[in-house]
Amino acid sequence: MTIITQDAKDTARRQAATVKAATLIEALPWLDEFQGETVVIKYGGHAMTEEALRAGFAQDLVFLRYAGLRPVVVHGGGPQVTEFLDRLGIESTFTAGLRVTTPDTIDVVRMVLAGKVNKDIVGLVNRHAPFAVGLSGEDANLFTAERKHAIVDGKPVDIGLVGDITDVDPGAIDALLEDGRIPVVSSVARGTEGEVYNVNADTAAAALAVALGAAKLVVLTDVEGLYKDWPASTEVISQLTAGDLEELLPGLSAGMIPKMEACLTAVRGGVRHAHVLDGRLQHAILLEIFTDSGIGTMVSADDDEENTGE
């Protein structure tokens, strides 16, 4: 039997405390750099459906807020929408990767995204502190959209009430941020004729990041980042410029295209950095923002040679 002495226990505790202190010191320059800055986070994938990851995400948001950053969340909820449609006996149909959205479907989308999913996120955050406020892209005309068509064999196909964002009015978000709140936004939008559109959450997050003049766009997904040569290799590209990404886009997998297009839109629109992170990793956001090495893939403007936040 191995007997652990009190001196050994004390030494182990000191070593653990030293490691924690080193982590805090490593975060110091990033705390200084991003003090008061807005960070827009697109929330989805396993990070939204696994209980431990959901709880960790809420903790990350509260940490960012207490650290002096201004986090904003934009979320989707495709699996949750599909589940409710199944319960109602409404078939889920997809064309070119986009959900065909009928008038019946958009009612369910609004109910699930702006109701259940949004309020679940708000509730998780507010267990720690009363910061989170939920709203929809319809509220205060935050997002305005027009009908989007899927492209199949080079031809446009009508997929119903699916929209492309044409305008962002960030006034309500600005007001909440000034009040110290964490806005949580569901990805639906209004049309100019009173219709309601289902919009891609990656696209919505990028548009909002540009409108807010955010320092960062963070896209949480279910892969480690952008791979150099998928599926032949799982080596992640840690950093690339907007120009590099533009060249790579046509050859990317269908699932990565909207996420990387969102990153490109953000940095082309003035956001300093856009990141694709593995949301399956606990506290991925904190690891990206507050450590020297960072994780995932970071996209920078073409003229930004500074290795910031990586």
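Tutor: Contact here means heavy atoms within 4.5 Å. This is a predicted model, in which local features need pLDDT of at least 70 and side-chain atom pairs count only at pLDDT 80 or more, while totals for chains, interfaces and linings use all residues. Residues are numbered from 1 along each chain as its sequence is written, and side-chain values use heavy atoms, with hydrogens and water left out.

Among contacts in the protein chain between residues at least 6 apart in sequence, 71% join residues at least 24 apart. The chain has ten helices and 14 strands; both are DSSP runs numbered from the N terminus, helices being H or I of at least four residues and strands E of at least two. With a radius of gyration of 21 Å, close to the 19 Å that the globule rule gives for 310 residues, the chain is as compact as a globular protein of that length. That radius is taken over C-alpha atoms, and the rule is 2.2 Å times the number of residues to the power 0.38. Along the principal axes, the C-alpha atoms fill a box of roughly 70 × 45 × 40 Å. Of the 310 residues, 47% count as buried, where buried means under 20% relative accessible area, exposed over 50% and partly exposed in between (1.4 Å probe, protein chains only).

H7 is mostly covered, with nine of its twelve residues buried. These are Ala201, Asp202, Ala204, Ala205, Ala206, Ala207, Leu208, Ala209 and Leu212.

At the start of H7, the backbone nitrogen of Asp202 has a side-chain oxygen of Asn200 within 2.8 Å. After H7 comes Gly213, whose phi is positive, near 65 degrees.

Asp202 also takes part in a salt bridge with Lys259, the closest N and O atoms being 3.5 Å apart. This pair links distant parts of the chain, since Asp202 is in H7 and Lys259 is in helix H9 (residues 257-268), 57 residues apart. A salt bridge is a side-chain nitrogen of Lys or Arg within 4 Å of a carboxyl oxygen of Asp or Glu. Both partners are covered: Asp202 counts as buried at 3% relative accessibility, and Lys259 is buried with a relative accessible area of 13%. Lys42 joins Asp202 and Lys259 in a network of salt bridges.

The salt-bridge count comes to 14. Another one is formed by Arg70 and Glu178, with the closest N and O atoms 3.0 Å apart. Arg70 is in strand S2 (residues 70-75) and Glu178 in helix H6 (residues 171-178), so distant parts of the chain, 108 residues apart, are linked. Here Arg70 counts as partly exposed at 21% relative accessibility, whereas Glu178 is exposed, with a relative accessible area of 64%.

Conventions. A polar contact is a pair of N or O atoms within 3.5 Å; within protein, one must be able to donate a hydrogen and the other to accept it, and residues adjacent in sequence count only if both atoms are side-chain atoms.
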